[in-house]
Amino acid sequence: MNDNAPEQPAQGLTPGGSAAIARSGNAPAGVPVMDVDPFSDAFLTDPYPDHERMREAGPVFWIPKYAIYASARHEQVRAILNDHATYISSAGVGLADFNKETPFRPRSLILEADPPDHTRARSVLARILSPRTVMQVRATFAAEAETLLDRLVEKARSEGEIDAVKDLSEVYPLKVFPDAVGLESEGREMLLLYGNMIFNAFGPRNELLVRAAEKVKPLTQWIMDHCKREMLRPGGFGDMIYQAADAGEISLDEAPLLVRSFLSAGVDTTVNGIGNALLCLAQHPEQYARLRADPSLARPAFEEALRYESAVQTFFRTTSVDASLSGITIPAGSKVLTFLAAANRDPRQWPDPERFDIERRPSGHMAFGSGIHGCVGQVVARLEGELILAGIAKRVKSLSLAGKPTRRLNNTLRALASLPLKLETA
Ligand code: HEM
């Protein structure tokens, strides 16, 4: 990626370096306290040991550093996400409380909205990204995957290895999804920088965010310019949003903000979903052998990788009233952090959760969220993941790490900076 975020070894802890501002707030009585900073470099580099400690601390716990409630268990994370009246999104789905602070950008009309506003925007985007509409781009997405993978196999033959991030997981989503939205090719790498900044902005104002935000002005301007109707190819997903405005389903002022939702949520997520899936397969050669033997396992393999190494790790909610969760009272106006990735390895939900098993079929995982805000782009994400994994399985006998992968730390995403892979081709 083209950002200046520090690159860290994928394994092992580094010293925490968060410049977060601690909020005031004493620990509420009767709630387990976790002295942890989920946005520190150390935590983000290897979150899994802390995830386990948090799950074991209780169904709900308190993080004093930010004066927030949190949950890391599947049952409670699911309950929070499915009770959108109690746990609202309109106060922001990051640490910032929009009831007290001004959002750094105009708030999302879908992600950061509650019904009935959310329902209106959601029905437009859900129709555009429905299985039926996405089926119409399947052939194009498949052809692009084939062309790219043929080229990469050649590169692996001539150069001995590829960087699965720079050569593949960043290239493919950056090509197919913005094409489908109808965006011009020039300057598209901005979407990676923008995604990096947006997902950092759900966390505290730590160094990761400060560094990403240095570029915010030109990026925001570029994105908003490219969300205008005249910049979008007729018939693409972006243009379909404007057609919904023509039909009176949303206003013309709302249309560019919904195009922005596609561009901010639709690239960095799949980039890291695909990157993490390739890392999982390289680290588990016996699982890759099963995929190679039966490429129709590509879809469940992608799904399991989303559970095992969730690209989106966390999201916040805010309580609209005094809430009661597993016997704990959470006062109105509290920020509540849901650890999606920790829920995805909760032994209360998954047998042998630390095992990466491409035949698991992990239905009910939280990698796409749950409830009314559950990822509206999941059909697209699954299509991209499936096409890449199936295309590799058809061409590559075995894949293995050719060097140490590096992580790109982000307050919300589990992201990779590089993934050197050796591909043994048929
Ligand atoms: C592997 C890839 C992806 C992952 C892991 C992912 C994850 C998520 C998660 C966890 C949420 C829930 C947010 C919440 O509950 O507050 C979400 C919502 C959303 N996603 Fe995705 N996403 C992915 C791909 C995409 C794609 C390709 C798009 C295409 C536009 C997209 C667009 C959105 C939008 C607009 C929302 C907000 C939905 C709402 O609030 O109703 N995502 N995503």
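**Note on the predicted model**

1. Pro116 lies in the loop that runs between strand 4 (87-88) and helix 4 (117-128). Helices (H or I, at least four residues) and strands (E, at least two) are DSSP runs, numbered from the N terminus. The peptide bond from Pro115 to Pro116 is cis, with omega near 5°. Most residues other than glycine have a negative phi, and most peptide bonds are trans.

2. This is a predicted model, in which local features need pLDDT of at least 70 and side-chain atom pairs count only at pLDDT 80 or more, while totals for chains, interfaces and linings use all residues. Residue numbers start from 1 along each chain as its sequence is written.

3. Two non-glycine residues deserve a check of the backbone. Ala67 has a positive phi of about 55° although it is not a glycine, and its place is the loop between strand 2 (61-63) and strand 3 (68-71). Ala67 is partly exposed, with 16 other C-beta atoms within 10 Å. Here a residue is buried if 20 or more other C-beta atoms lie within 10 Å of its own, exposed if 12 or fewer, and partly exposed in between, with C-beta atoms placed from the backbone.

4. Arg361 also has a positive phi of about 55° without being a glycine. Arg361 sits in the loop between helix 16 (340-343) and helix 17, and is exposed, with 11 other C-beta atoms within 10 Å.

5. Leaving aside residues up to four places away in sequence, Leu258 touches Leu109, Ile110, Ala121, Val124, Leu125, Ile241 and Ile250; contact requires C-beta atoms, placed from the backbone, within 7 Å.

6. The ligand is surrounded by 27 residues, the closest being Gly266, Gly273, Gly369, Cys375 and Gly377; the criterion is a C-beta atom, placed from the backbone, within 6 Å of the molecule. Helix 4, helix 12 (254-265), helix 13 (268-283) and helix 17 each supply at least two residues of this shell. By class, the shell has 17 nonpolar, nine polar and one charged residue. Ala, Val, Leu, Ile, Met, Phe, Trp, Tyr, Cys and Pro count as nonpolar, Asp, Glu, Lys and Arg as charged, and the others, Gly among them, as polar.

7. Strand 11 (residues 406-409) pairs with strand 12 (residues 414-418) in the antiparallel sense over four bridges, where pairing needs at least two bridges found by DSSP. A hairpin through four residues joins strand 11 to strand 12. Arg407 stands opposite Leu416 in strand 12.

Definitions and conventions
Contact = placed C-beta atoms within 7 Å.
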